[in-house]
Amino acid sequence: MTAVTLAPEETRARYITGLTQLGSGQAEAAIDTLRYVLDSDPSHTGARRNLIRALVAVRDHAAIIAETGLALRAAPDSAELHFQRGTALSAMSRPEEARAALTAAVTLNPKLAPAWLNLGNALMDLDDPLAAEAHCRRALALDPALIEARVSLGFMLTAQGRVAEAIAALEDAIQIHPENVHAHWNLATAALLAGDLPRGFAEYEWRKRHDRFRRDFIDLPGPVWDGGDPSGRTILVHAEQGFGDTVQFARYLTAIAQRGGTPVLACDVALIPLLRTVAGARIVSRFDPMPPYNAWIDQMSLPHVFGTTLDTIPCPGGYARADPGLIAAHQATLPPARRIGLAWAGNPLHHNDRRRTPPGEAFAPLLALPDCHVVNLVPGRSLPGTTCPRRPLTDYRETAALIAALDLVVTVDTSVAHVAGALGCPAWVLLPYAPDWRWLLNRNDTPWYDSIRLFRQPSPGDWESVIASVSAALAG
């Protein structure tokens, strides 16, 4: 922007206008006004401080980092500036820098409760849950009314597997603030991880108001299905999240059909050829016009309306089929040795991928086992020691056929695990210390899939032990 020159009285007038705009909730207008003041007078400390506050209001994290960097040159001992900078760095997934900035904030002002909380959140991102919990509790001791700290504490306790404590903390948060979406979401995760599926899936309905997920939901015309008698009715099921979720919860299509309904799943095109094999279901693209229906439901609301418990999960033995012709085609390309498929990495864009995907070199002991032919199940990426399939994995029908042609699948927590389980094919799933809620705690099996065996990290980041256990089981 071209520099401007304002008379002192005009600078003051515009600055006061910017403060008024900020105070009345017009953050975007305040940003424009205060930037205009700073173009005229870059040394205007008040304009820069309030510009940062306005940027905080609109969550422009990159701009906050830039502006706090400038402001700290003039005021290096400002706890508020370090706090704002650290919070923005955390939001930009830069936890090491966030920790440094937030440590500076609490050093300069040990009574700044939100800074202690955000320092704890940064430490969670750095996989130090015990220190994170301590800092979160420090924030609560300073400010018991800081609802965000109670919500974060529930998350931190869940990540440590202390789900009873987590549930208690989150219940406290909800009692204080009944409409806190993140508290309900964290409670859903804790309850599901604890195996309380009815409560967990009831709380899981709050995902539709969560800022991370609400973009996935659309309001379709007509009534929402509440789980009532579907006999003689067409129930449109809208897939809302990832491929693994869509495959896992496709089992409920068969459950609807068994009750006399006609389920139609609208999902991603890549899944259609595989999921067309689910008994009683019709599968369409969610990007095409929807066919006629009597009621509709978001797919991951199905366990809730069915009142699912650990003992009533539908179709744990499998509910999809691989194409026999494609299975034979893949078998013809495989050697007579023991044939193992390895899905060694998940989608790198997944928010938790760095925790669920081991480094490639961690698989060396497994790949060194004799008499094993290891096939790479990660399309478009290679891992030394594995062979790529002769037939390209163009969609999930091909992937399913290859899985069915193998003796065993070894996989991280990604969609391949769900495809194998849906087919009823044997699969071993490698899990981080803090697993996704669907894998529960302290067990090596899963009620969702009879054919799956679980291998868990004994401590955060310990993939060596997991791979050693898998290699020993294969060698045995």
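Modeller: Axes are lines fitted to C-alpha atoms, for helices over the stretch in contact, and angles run from 0 to 180 degrees between N-to-C directions. Helices (H or I, at least four residues) and strands (E, at least two) are DSSP runs numbered from the N terminus, and two strands pair if DSSP finds at least two bridges between them. It's a predicted model, so local features need pLDDT of at least 70 and side-chain atom pairs pLDDT 80 or more, while totals for chains, interfaces and linings use all residues. Residues are numbered from 1 along each chain as its sequence is written, and side-chain values use heavy atoms, without hydrogens and water.

Colleague: How many helices and strands does the protein have?

Modeller: The C-alpha trace spans about 85 × 55 × 50 Å along its principal axes. Its secondary structure comes to 22 helices and 9 strands.

Colleague: Which strands stand at the edges of the 4-stranded sheet?

Modeller: That sheet is open and parallel, in the order 3-2-1-4. Strand 3 (282–285) and strand 4 (295–298) each have a single partner strand, so one side of each is left without a neighbour in the sheet. The twist averages 25° from one strand to the next. The edge strands are therefore strand 3 and strand 4.

Colleague: What is the bridge partner of L236 in strand 2?

Modeller: Strand 1 (residues 234–238) pairs with strand 2 (residues 262–267) in the parallel sense, over 5 bridges. In strand 2, the partner of L236 is V264.

Colleague: At what angle does helix 14 run to strand 2?

Modeller: Helix 14 covers residues 251–258 and lies across strand 1, strand 2 and strand 3. Its angle to strand 2 is about 160°.

Colleague: Now the 5-stranded sheet: which strands stand at its edges?

Modeller: This one is also an open sheet with parallel pairing, ordered 6-5-7-8-9. One side of each edge strand is left without a neighbour in the sheet, because each has a single partner strand. Those are strand 6 (372–376) and strand 9 (452–456).

Colleague: Which residue in strand 8 does V412 stand opposite?

Modeller: Strand 7 (residues 408–412) and strand 8 (residues 427–431) run parallel, joined by 4 bridges. Opposite V412 you'll find L430.

Colleague: Which helix packs on that sheet, touching strand 5 (338–343)?

Modeller: The helix also touches strand 7, strand 8 and strand 9. Its direction makes about 165° with that of strand 8. With residues 463–475, that's helix 22.

Terms used
Contact = heavy atoms within 4.5 Å.
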